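Please look over the sequence and the model shown below before reading on. The report that follows takes up the surroundings of a ligand and then the packing of some helices.

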Amino acid sequence: MYIAEIRLSGFRSYASAHFALSPGLNVVVGANATGKTNLVEAAYWSLRATSPRTSRDDKLMRWGADAARVEVMLGDGRTAALAYSPRLGRRATVDGVAVNSLERLRRLGPVFLFVPESLLLVKGGPARRRAHLDAFGADVDPAYQASVAALQTAVRQRNAQLARVRAGGPERALDPWDAQLVSSGLELERRRRALVEALAERFAGFAAALSPAGGAFGLSLRSALADIGDDPDGYHEALWARRPREIESAVSALGPHRDDLEIFESLPTGERRDLRLFGSQGEQRAAVLALLLAEREVAEQWTGQRGPLFLDDVMSELDDARRRLLVRLLAASGQAVVTTTTSMYFRPEELAGARIIDLQDGLPAPAAEGSRRVATEGRESSGGGSP
Ligand SMILES: Nc1ncnc2c1ncn2[C@@H]1O[C@H](COP(=O)(O)OP(=O)(O)OP(=O)(O)O)[C@@H](O)[C@H]1O
Ligand SMILES: [Mg+2]
């Protein structure tokens with residue numbers, strides 16, 4: 001799946017704009033504040049019904065506009081549109097037909113996004129990594145979302161029951177909630193494990209390919225259930241053993257809701273270097289990129305859909321060697337849309353096969369529209385955004 005065209009109206013800095021994208025590499029060039037991130041945000045919002053920058057749709061409306069609308073045409077001719085106005089709320093259409101559920105948009109195919117905040121995936125806490133993994137799981141495994149919801153319900157209800165027992169209620173009332181937690185916990189854990197297993201091998205390949213010095217990288221699910229495996233009795237026993245403590249805290253602390261995704265480099269000594277704690281910014285960035293590239297391959301294998309990859313402002317923070325390695329991977333990987341303040345981060349031969357979208361005040365410059373030409377470097381460097 002790729003995006004062939006995108007139309008924006010009343011979205012952020014765009015009054016009205018239309019861009020044609022290539023199924024391969026697209027490079028969006030513009031100085032600061034020319035609308036690069038806005039364009040990426042629009043594409044993501046139209047297919048995911050969520051923005052990486054805000055949870056409030058009214059922020060997406062161009063100041064003074066009464067609605068924001070983004071329409072995409074996919075490579076196979078399908079269209080999707082999402083609009084927001086304060087009066088009507090969100091309205092989505094697929095192939096021109098109104099759809100009630102935003103899920104229908106999401107089912108058009110996966111979309112992959114790197115924004116500067118994505119670094120938190122490596123740097124931040126476990127909850128962010130779980131949420132990312134679960135969102136991806138929901139994209140590629142139809143039953144995943146239901147497993148996540150079932151676990152959340154079980155944890156919430158069990159915690160409420162723990163609090164009732166703490167307040168003097170009968171302890172045996174916990175038994176059915178233990179059973180719920182065990183069955184939904186093991187179910188989600190199975191799905192997560194399969195997902196991480198599928199990602200791990202590809203992640204290792206991409207992370208090594210993005211590392212100028214080579215190296216061995218890995219992903220693994222860190223779970224307190226690892227020793228229990230698929231055994232419900234083991235899980236029940238573990239819950240039983242910690243019951244007094246859990247009644248006291250009224251918190252269910254054993255289950256996939258406490259998992260973490262470990263992202264590491266394997267050292268020659270056999271030790272693991274956790275990139276969260278010990279990775280440099282560049283290494284952490286490369287790790288997130290490797291994860292996204294791995295996800296795309298898993299998506300393709302599991303669903304037949306690869307999905308576009310949006311990389312906002314990634315080039316400026318990578319060293320030249322990593323830039324070359326990344327562009328090489330992107331050139332071989334389906335649709336990628338990379339934003340940059342200057343085309344100088346790319347070699348002329350890398351741009352030769354790319355679609356250049358040259359932004360001037362949020363509009364494609366006439367010379368660049370629909371062209372496959374190499375961007376003129378003089379213009380970007382006079383745009384005020386060059387390093
Ligand atoms: N709701 C809105 N209505 C109108 N303009 C907006 C709105 N939200 C943001 N903008 C403007 O959009 C402009 C471009 O923002 P954007 O983040 O896309 O720039 P950018 O090209 O990614 O810049 P940078 O290189 O600094 O990341 C900003 O100047 C911002 O003020
Ligand atoms: Mg930006």
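A residue is counted as near a molecule when its C-beta atom, placed from the backbone, lies within 6 Å of that molecule. The model described here is a predicted one, and every value in this report was computed from it.

With that cut-off in mind, there are 17 residues around ligand 1, and those that come nearest are S13, N32, K36, T37 and N38.

Turning to the helices, α6 covers residues 175-209 and has 35 residues, and the distance from its first C-alpha to its last is 50 Å, which is close to the 51 Å expected at 1.5 Å a residue. Helix α6 also has a kink of about 30°, and this kink is centred on A200.

Two packed helices are described by the angle between their axes and by the distance between those axes.

| Helix pair | Angle between axes | Distance between axes |
|---|---|---|
| α6 and α7 | roughly 130° | within 10 Å |
| α4 and α10 | roughly 25° | within 9 Å |
| α6 and α10 | about 130° | 8 Å |

In passing α10, helix α4 makes a right-handed crossing.

Helix α6 takes part in the other two pairs of the table, and one of its partners is α7, which is made up of residues 232-241. With their axes crossing at roughly 130°, α6 and α7 are therefore oblique to each other, and their crossing is right-handed. Against α10, helix α6 packs at an angle of about 130°. That angle makes α6 oblique to α10, and the crossing of α6 and α10 is right-handed.

Definitions and conventions: Residues numbered from 1 in each chain as written. Chains lettered and ligands numbered in written order. Predicted model: local features only at pLDDT ≥ 70, side-chain atom pairs only at ≥ 80, totals over all residues. Helix = DSSP H or I, 4+ residues; strand = E, 2+ residues; numbered from the N terminus. Expected span 1.5 Å × (residues − 1). Bend = angle between axes of the 7 residues up to and from the residue. Axes fitted to C-alpha atoms, helices over the stretch in contact; angles between N-to-C directions. Parallel < 35°, antiparallel > 145°, perpendicular 65-115°, else oblique. Left-handed = near helix turned anticlockwise from the far one by under 90°.
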